[in-house]
Amino acid sequence: MLKMKNRIIPAILAAMALSALTACGGDKAADTTTAAEASTEAQSEETTEEKADETKEESKEETTEEVKAEASGDNSDYLAQVDTMNKAAEEFITVSMEFMQLAQDDPENLDAMKECIEKTRATKQAFVDFSKLDTPPEGLEEPHARLAEAASKYADTLEVYCDVLLASISGEEHEAAATIQEDWTNVATELSEAMGAVQEAASK
């Protein structure tokens, strides 16, 4: 039974914030790097603890989840589509870390940084694709509608985020620069909660 990783979305927030700080840091690159390393270390420790907890619970829950899946119908294909967004989120984090490293090591290499930003932008496609799904499993119509809307908003916000980053590395001011972190927090929180609602409904 596929188990969705609901905590991946909050992790995006940390990566996004660090990327924004790095891109806009300018002369404060050293301070930004220190903050980034500290946050990355904290995130790594949290991830390790979460994985340990998940490993302990997985063996206990696997049989129960399989029984529930059989009782409620096979939602595995649908949940696999949901999980494509988690995979895209993981890719987002990987590319964000690459961007941070590049901004630290070679801040004058704008072409490489722009390439990283476009790779980041490409991760929105999984969310766009999911938002267009219109045939959820029976019984999941309502939570699916919520998740599809959240995925669409996430994709739109990611697009703006990438534009803000492009502007910042070029020394320009983007109109959304002042609100992007709050907007991102809001859409990522809603996406995470909507994913949880889908998982809960699918397990019944």
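Q: Where does serine 152 sit?
A: Serine 152 is in helix α6 of what is a predicted model.

Q: And is serine 152 buried or exposed, or something in between?
A: Serine 152 is partly exposed, because its relative accessible area is 29%, and that value falls between the 20% limit for buried and the 50% limit for exposed.

Q: What span should α7 have, and what is the distance between its ends?
A: Helix α7 covers residues 180-202, and at 1.5 Å a residue its 23 residues should span 33 Å; the end C-alpha atoms are 32 Å apart, which agrees with that expectation.

Q: How do α6 and α7 lie against each other?
A: The axes of α6, residues 141-169, and α7 come within 9 Å and cross at roughly 155 degrees. The two helices are therefore roughly antiparallel to each other, since angles over 145 degrees count that way, and α6 passes α7 in a left-handed crossing.

Q: What about α6 and α4?
A: For α4, residues 110-122, and α6, the axes come within 9 Å and the crossing angle is roughly 175 degrees, so this pair is also roughly antiparallel.

Q: Which residues meet there?
A: On the α4 side they are Leu110, Met113, Lys114, Ile117, Glu118, Thr120 and Arg121, and these meet Leu158, Glu159, Tyr161, Cys162, Asp163, Leu165, Leu166 and Ile169 in α6.

Q: Switching to α3: where is valine 95, and what does valine 95 touch?
A: Valine 95 is in helix α3 and counts as buried at 1% relative accessibility. Not counting residues up to four places away in sequence, valine 95 touches Cys116, Lys119 and Thr120, and the C-alpha atoms of valine 95 and cysteine 116, 21 residues apart along the chain, are separated by 6.5 Å.

Q: At what angle do α3 and α4 pack?
A: The angle is about 165 degrees, with the axes of α3 and α4 9 Å apart. That makes α3 roughly antiparallel to α4, and the contact is made by Phe92, Val95, Glu98, Phe99, Leu102 and Ala103 of α3 together with Ala112, Met113, Cys116, Ile117, Lys119 and Thr120 of α4. As for handedness, α3 passes α4 in a left-handed crossing.

Q: What does alanine 88 contact?
A: Alanine 88, also in α3, is in contact with Thr123, Ala126 and Phe127 once its neighbours within four places in sequence are left aside. Alanine 88 counts as buried at 10% relative accessibility, and its C-alpha atom is 7.3 Å from that of lysine 124, 36 residues away in sequence.

Q: What about a loop residue, say asparagine 75?
A: Asparagine 75 is found in the loop between α2, residues 29-72, and α3, residues 76-105, and it is buried, with a relative accessible area of 9%.

Q: Zooming out, how many helices and strands does the chain have?
A: The chain has seven helices and zero strands, and buried residues make up 38% of its 204 residues.

Q: How much of the contact count comes from residues 24 or more positions apart?
A: Such pairs account for 81% of the contacts in the chain with a separation of 6 or more.

Key: Residues are numbered from 1 along each chain as its sequence is written. This is a predicted model: local features need pLDDT of at least 70, side-chain atom pairs count only at pLDDT 80 or more; totals for chains, interfaces and linings use all residues. Side-chain values use heavy atoms; hydrogens and water are left out. Helices (H or I, at least four residues) and strands (E, at least two) are DSSP runs, numbered from the N terminus. The expected span of a helix is 1.5 Å times one less than its number of residues. Buried means under 20% relative accessible area, exposed over 50%, partly exposed in between (1.4 Å probe, protein chains only). Contact means heavy atoms within 4.5 Å. Axes are lines fitted to C-alpha atoms, for helices over the stretch in contact, and angles run from 0 to 180 degrees between N-to-C directions. Angles under 35 degrees count as roughly parallel, over 145 as roughly antiparallel, 65 to 115 as roughly perpendicular and the rest as oblique. A crossing is left-handed if the near helix is turned anticlockwise from the far one by less than a right angle, and right-handed if clockwise.
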